[in-house]
Amino acid sequence: MDRRLWWFLGIGLALALVIAGGLSGFASSDPDGLERVSIDQGFAETARDHPLADSPLAGYAVDGVEQDRWSTGLAGAIGVAVTLAVSTALFYGIRRHGRARRGRGET
Amino acid sequence: MHIPDGFINLPTSAGFGAAAAGGVWYCMRQAARLLDDRRLPLAGLVAAFVFAAQMVNFPVVAGTSGHVIGGVLAAVLAGPWLGALALTVVLVVQGVFFADGGLTALGLNVVNMALAGTLGGYLLYRGFVALLPRTRLATMAAAGVAAGLSVLLAAFGFVVEYAIGGEGGVGVGAVAAAMGGVHALIGIGEGLVTALVVGAVLRTRPDLVMAAPLVEVPSRG
């Protein structure tokens, strides 16, 4: 694969890490669009607690990291890595499955 | 925040879960023959970038924020099928690892953002591209406007789901008006971010913008 593509991917990934790891710490913590609507219209209380609300990364904060910006940033960087890994694994799986199917003469 | 568990009743959530599974399966079938050595890592990067972008809530009106969805951005960069799959992965990761978006609500969120927002927004993009000149600026504008409208498509998806199985007994008209108003504003942010990122990629590696094959590229010699 050409080297310039790897440069592009590397810079893109670095940007994603800067956004999720750094810029995210300055994000607005006000309710977002859907949350605002649910509060104003009066159905916010129908939300149930997330079953994984006690997991170590819940709410984009890392358990045990006290300082908010560090906690959010670290959670964001982990999220970027996990998303990259899961999606790349999925795409490899799809490609392999597709090739196997074509190999068997299916459409 | 994505739809949490509880806003929409279980039968409706299950129905949309099945619809989401069918839609994602179809995207996987379509994507299988597209995944060459360039598209595969690019689509992974697009998913990671969308995850990052969704973390940055920006203020829209006093006391309310919004964040980009990134569906049209993903579809323009990676093509619609891989774009929709990238959004699906983002939503699964957010729901499972970050407790953002309910688990029974996952299908609802996938239908709204990964399918309606991404594929619907992509169709709008293709429509705009067909009408506009084949320039970088026009492609950026097409992507930006389609992305802005895709936020309304996703918001409308929630309104439909709330109409079918919403809890709390709020009138659908009121929910529709409130969702439309705030998401029109969020859509402006979505459009700007999408246009800027598409523009930046078109400037550096136009050959990597999978869904803009018609843009005339100055030769690099």
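The legends below describe close-up views of a predicted model. Residues are numbered from 1 along each chain as its sequence is written, and chains are lettered from A in the order in which they are written. Because the model is predicted, local features need pLDDT of at least 70 and side-chain atom pairs count only at pLDDT 80 or more, whereas totals for chains, interfaces and linings use all residues.

**View 1. The side of chain B that touches chain A.** Here 60 residues of chain B are in contact with 55 residues of chain A (two residues are in contact if their C-beta atoms, placed from the backbone, lie within 7 Å). Elements that each supply at least two residues to this side of chain B include α1 (10-32), β1 (58-61) and α7 (172-204); helices (H or I, at least four residues) and strands (E, at least two) are DSSP runs, numbered from the N terminus. The largest share, 11 residues, comes from α2(B). By class, this side has 41 nonpolar, 13 polar and 6 charged residues (Ala, Val, Leu, Ile, Met, Phe, Trp, Tyr, Cys and Pro count as nonpolar, Asp, Glu, Lys and Arg as charged, and the others, Gly among them, as polar).

**View 2. The contact of α3(B) with α6(B).** The axes of α3 (residues 71-78) and α6 (residues 136-165) of chain B come within 8 Å and cross at roughly 140°. Axes are lines fitted to C-alpha atoms, for helices over the stretch in contact, and angles run from 0 to 180 degrees between N-to-C directions. From α3(B), the contact involves B:Gly71, B:Val72, B:Leu73 and B:Val76, and from α6(B), B:Ala143, B:Ala146, B:Ala147 and B:Ser150. Of these residues, 6 are nonpolar, 2 polar and none charged.

**View 3. The largest nonpolar core and B:Val46.** This core has 107 residues, and B:Val46 and B:Val50 are among those with the most contacts inside it. A nonpolar core is a set of buried Ala, Val, Leu, Ile, Met, Phe, Trp, Tyr and Cys residues joined through C-beta atoms within 7 Å. α6(B) gives the most to the core, with 14 residues. Leaving aside neighbours within four places in sequence, B:Val46 is in contact with B:Ala74, B:Leu77, B:Ala78, B:Gly83 and B:Ala86.

**View 4. The surroundings of A:Asp63.** A:Asp63 lies in the loop between α2 and α3 of chain A. This residue counts as exposed because it has 11 C-beta neighbours inside 10 Å (20 or more is buried, 12 or fewer exposed, and in between partly exposed; C-beta atoms are placed from the backbone).
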